[in-house]
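Subject: Structure for your files, with notes

Hello,

Please find the structure below. My notes on what was found in it follow.

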Amino acid sequence: MTTPRAALVYNPIKVDLEALEAAVAAEEKAAGWAETLWLETAEDDPGQGPAKKAVEAGVDLVIAAGGDGTVRAVAEALEGTGVPLALLPSGTGNLLARNLDLTLDDVPNSLETAFRGENRAIDLGIIRIRHDDDSVTRHAYLVMAGLGLDAKMLAATDDELKAKVGWLAYVKAIATVLRDKNQLRIRYDLDGTGTRAVRAHTIMIGNCGSLPANILLLPDAAVDDGRFDIVLLRPEGFIGWVQIMTKIFWENGVLRRSTVGRRLMGLTKEVRALNYLTGSELVLRLSRPEEIELDGDPFGRAKALKTWIAPGALQVRVPASATAD
């Protein structure tokens with residue numbers, strides 16, 4: 001029986017390399033693994049290239065150490081390989097780790113999960129984007145793809161400010177984009193049911209439901225149900241935004257978390273400002289190119305897209321007890 005070996009793909013800006021090397025050396029030795037292969041990301045390669053090198057080297061596990069962009073890039077390269085992904089969360093979002101209820105900001109615990117945990121199969125969102133220059137790119141996403149206000153917000157966020165104050169940097173960007181009155185004009189086909197037209201400020205396609213600050217945007221989304229959930233934000237003036245905030249922060253964030261609250265939700269009405277859909281394949285065309293984001297990173301301007309779910313396409317490391325429940 002060969003000794004298992006891991007690779008660690010890391011963003012040098014996000015990690016304390018010396019401390020991490022010491023922690024990994026201690027845990028790999030205690031778990032009986034061979035010496036870890038270390039691979040660094042670069043500005044023009046956030047993780048796909050290093051992850052592919054790791055797979056070619058025959059490793060048994062790839063650990064992603066960095067923010068959501070690093071995790072998404074590594075997962076993209078691991079799609080369908082069977083090589084599991086372990087998370088060493090870093091950065092302001094940690095969106096997948098949050099949705100999997102993994103420990104944040106705890107390197108020893110994360111490494112224990114990596115080297116001693118078990119695998120959980122989760123879905124990957126796959127997307128083909130036709131950009132404003134007619135080029136087509138293919139990507140994977142783990143949490144959400146978004147068009148509209150959220151993508152414009154990310155494009156307007158000051159990266160230096162984000163590095164200093166984290167999610168507070170988005171406050172200024174939110175104030176900027178909320179003044180944008182332009183709506184998305186969308187024609188879409190969900191699961192081949194026919195083309196529909198809609199106007200919305202934002203459309204988000206989610207494989208997971210939770211955002212930072214415990215915001216439950218897509219309450220029925222699950223990472224392993226073979227489907228994605230879609231939310232359309234369609235506010236008409238101030239009242240529409242109040243309705244959206246009430247649904248997201250009060251109903252999803254408070255009522256849904258208790259039995260009594262869920263009963264009270266049965267008495268509330270659906271609002272036109274917030275619409276939910278679910279499916280496994282979406283084809284969408286926009287009347288004009290719009291900013292698009294994947295897992296919190298901007299991906300330019302899209303004029304059309306096709307996105308679908310690849311069920312169980314990624315193995316993710318979770319604590320051993322998590323799969324026994």
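Accessible areas here come from the Shrake-Rupley method with a 1.4 Å probe, and for residues only the protein chains shown count as cover. On that basis the accessible surface of the protein is about 15,600 Å², with 51% of it belonging to carbon and sulfur atoms. Two notes on conventions. This is a predicted model, in which local features need pLDDT of at least 70 and side-chain atom pairs count only at pLDDT 80 or more, while totals for chains, interfaces and linings use all residues. Residues are numbered from 1 along each chain as its sequence is written, and side-chain values use heavy atoms, with hydrogens and water left out.

Overall

The protein has 10 helices and 16 strands; these are DSSP runs numbered from the N terminus, helices being H or I of at least four residues and strands E of at least two. Of its 325 residues, 48% count as buried (buried is under 20% relative accessible area, exposed over 50%, partly exposed in between, with a 1.4 Å probe and protein chains only). Taking contacts (heavy atoms within 4.5 Å) with a separation of 6 or more, 70% are between residues 24 or more positions apart.

Strand β4 (residues 85–89) is largely enclosed by the rest of the structure, because 5 of its 5 residues are buried. Leu85, Leu87 and Pro89 lie on one side and Ala86 and Leu88 on the other, so both faces are covered. As a rule, side chains in a regular strand alternate between the two faces of the sheet.

β4 pairs with β3 (residues 61–66) in the parallel sense over 5 bridges; strands count as paired if DSSP finds at least two bridges between them. Within this pair, alanine 64 has leucine 87 of β4 as its bridge partner. From β3 the chain passes through helix α3 (residues 68–78) to β4 in a right-handed β-α-β crossover, right-handed meaning that, with the strands pointing away from the viewer, the path from the first strand over the helix to the second runs clockwise.

Cores

The largest nonpolar core has 42 residues. A nonpolar core is a set of buried Ala, Val, Leu, Ile, Met, Phe, Trp, Tyr and Cys residues joined through side-chain atoms within 4.5 Å. Leu85, Leu96, Leu124, Leu142 and Leu314 have the most contacts inside the largest core. Neighbours within four places in sequence aside, the contacts of leucine 85 include Leu61, Val62, Ala64, Val71 and Leu314. A second, separate core has 25 residues, among them Tyr188, Ile203, Ile205 and Phe299.

Helix α5

In α5 (107–116), the buried residues are Ser110, Leu111, Thr113, Ala114 and Phe115. Their cover includes β1 (6–10), α1 (17–31), β3, β4 and β16 (297–318). At the start of α5, a side-chain oxygen of aspartate 106 comes within 3.1 Å of the backbone nitrogen of asparagine 109.

Loop residues

Most residues other than glycine have a negative phi. Aspartate 101, in the loop between α4 (95–99) and α5, has a positive phi near 60°; its relative accessibility is 69%, so it counts as exposed. Aspartate 134, in the loop between β5 (118–131) and β6 (136–141), also has a positive phi, of about 75°. At 43% relative accessibility, aspartate 134 counts as partly exposed.

Regards

Notes. A polar contact is a pair of N or O atoms within 3.5 Å; within protein, one must be able to donate a hydrogen and the other to accept it, and residues adjacent in sequence count only if both atoms are side-chain atoms.
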